[in-house]
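Hi everyone, thanks for coming. I'll walk you through one model today, so please bring it up on your screens before I start.

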Amino acid sequence: MAALEAAIGVDVADRVLHGSATLCDVVMTSWAMDIDPIQAVVQYAEAALRPTLEASSSRCA
């Protein structure tokens, strides 16, 4: 965590870890971690939306 904070900053790292990151936060983090930015954005979006989608599907059942 300390290395990530040093690379992208404490505020960005906190937003990424707590699910409130912006698109720029996710891309900057992916560059710091040497991950494909497009894949990182897709995976972050899926993880962020999962609780919402699961809650809405359980109400429709």
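Let's begin with a word we'll need: a residue is buried when its relative accessible area is under 20%, exposed when that area is over 50%, and partly exposed in between, using a 1.4 Å probe and protein chains only. Asp 34, for instance, is exposed, because its relative accessible area is 72%.

Before we go further, some housekeeping. This is a predicted model, where local features need pLDDT of at least 70 and side-chain atom pairs count only at pLDDT 80 or more, while totals for chains, interfaces and linings use all residues. Residues are numbered from 1 along each chain as its sequence is written, and side-chain values use heavy atoms, with hydrogens and water left out.

So how confident is the predictor? pLDDT is its confidence in each residue, from 0 to 100. The chain averages 87, and 90% of the residues score at least 70. Confidence is highest in α3, with a mean of 95, and lowest in α4, with a mean of 81.

Now the overall layout. Helices here are DSSP runs (H or I, at least four residues), strands are runs of E with at least two, and the numbering goes from the N terminus. The chain has four helices and zero strands, so reading from the N terminus you get α-α-α-α.

What is the chain's radius of gyration, next to that of a compact globule of 61 residues? The chain has 14 Å, whereas the globule would be near 10 Å. That radius is taken over C-alpha atoms, and the globule rule is 2.2 Å times the number of residues to the power 0.38. Along its principal axes, the C-alpha trace spans about 45 × 20 × 15 Å. Of the 61 residues, 21% are buried.

A quick word on contacts, which means heavy atoms within 4.5 Å. If you take the contacts between residues at least 6 apart in sequence, 25% join residues at least 24 apart.

Let's zoom in on α3. Its buried residues are Asp 25, Val 26, Val 27, Thr 29 and Ser 30. As a bit of background, an α-helix has 3.6 residues a turn, so residues three or four places apart point the same way.

Which residues does Thr 29 touch, not counting those up to four places away in sequence? They are Leu 4, Ile 8, Val 12 and Val 16. Thr 29 counts as buried because its relative accessible area is 6%.

Ser 30, also in α3, is buried because its relative accessibility is 3%. Leaving aside neighbours within four places, Ser 30 is in contact with Ile 35, Asp 36, Pro 37 and Ala 40.

Just after α3, we come back to Asp 34, which takes a positive phi of about 55 degrees although it is not a glycine. Asp 34 sits in the loop between α3 and α4.

Next, the largest pocket. On a 1 Å grid over the protein atoms alone, a pocket is an open set of points with protein on both sides within 12 Å along at least five of seven lines, and lining residues have an atom within 4 Å of a point. A cavity, by contrast, is a set of points where a 1.4 Å probe fits but cannot get out. Points are joined across faces, edges and corners, and the volume is the space filled by probe spheres set on them.

The largest pocket has a volume of about 150 Å³. Its lining is Val 16, Val 26, Thr 29, Ser 30, Met 33, Ile 35, Ala 40, Gln 43 and Tyr 44. The elements that give two or more residues to that lining are α3 (23–32) and α4 (37–60).

How many of the lining residues are nonpolar, polar and charged? There are six nonpolar, three polar and no charged. Here Ala, Val, Leu, Ile, Met, Phe, Trp, Tyr, Cys and Pro count as nonpolar, Asp, Glu, Lys and Arg as charged, and the others, Gly among them, as polar.

Last stop: Ser 20, in the loop between α2 (10–17) and α3. Ser 20 is partly exposed because its relative accessible area is 43%. Not counting residues up to four places away, Ser 20 touches Arg 15 and Tyr 44, and Tyr 44 is one of the pocket-lining residues.

Terms used
pLDDT = per-residue confidence, 0-100.
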